[in-house]
Amino acid sequence: MPSVLGLLEAREKKIREEVARLREEAERLKAALGEAEHALQRLVDARATVAEVLAEPLSAADPVRSAVTGSLVPHRADGMTASVLAPDYQRIVAVLQSEAGREGMRCQQLAAALGLEAVPAKVEGVRSKAKRLVERGWALQVRPGVFTALAVSAG
């Protein structure tokens, strides 16, 4: 029969090992928490900076510059031309304004006209951009999944 002291020593050893393991895990979690807090702060700072920039009114002297790839699609206003759109969006508007796009185009047709493979990933990318153009007043969705352009000059 084991002694009481021997049982207590075995139990103590087991608990010490558990404490050591938990301390290591706590240190790992503390490091991960620090990294996550740092990433969160960077995002909060970036959002605040963007909000500040967007809150600044454009003066009449500020020229409307051409957009770059990956930029936002501005809401269409009187006098705006498609040249303010990012190049990908300009190409979509140009295709929709072409003879082939006047009656409306499905996204698969639009992708092919843009020289893209008609694979689901490419077609969905085109669909997303076409819908964004509709939301911002640059194109029309004449029926579900069929898009055409407004009368917007390309340049």
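Two strands pair if DSSP finds at least two bridges between them. Strands (E, at least two residues) and helices (H or I, at least four) are DSSP runs, numbered from the N terminus. This is a predicted model: local features need pLDDT of at least 70, side-chain atom pairs count only at pLDDT 80 or more, and totals for chains, interfaces and linings use all residues. Residues are numbered from 1 along each chain as its sequence is written, and side-chain values use heavy atoms, leaving out hydrogens and water.

**View 1. An open sheet of 3 strands.** The order is E1-E3-E2, with antiparallel pairing. Strand E1 (105-106) and strand E2 (139-143) are the edges, each pairing on one side only. E2 and E3 share 4 bridges.

**View 2. Thr-148 in strand E3 (residues 146-149).** Is Thr-148 buried or exposed? Thr-148 has 8% relative accessibility, so it counts as buried (under 20% relative accessible area; exposed is over 50%, partly exposed in between; 1.4 Å probe, protein chains only). Its bridge partner is Leu-140. Contacts of Thr-148 beyond four places in sequence include Leu-96, Gly-101 and Val-142 (contact: heavy atoms within 4.5 Å). A polar atom of the Thr-148 side chain lies 3.4 Å from the backbone oxygen of Arg-102.

**View 3. Helix H2 (residues 87-97) meets helix H4 (residues 120-135).** Their axes come within 10 Å and cross at roughly 80 degrees (axes are lines fitted to C-alpha atoms, for helices over the stretch in contact; angles run from 0 to 180 degrees between N-to-C directions). Asp-88, Tyr-89, Ile-92 and Val-93 in H2 meet Lys-129, Arg-132 and Leu-133 in H4.

Terms used: Polar contact = N/O pair within 3.5 Å; in protein donor to acceptor, adjacent residues only side chain to side chain.
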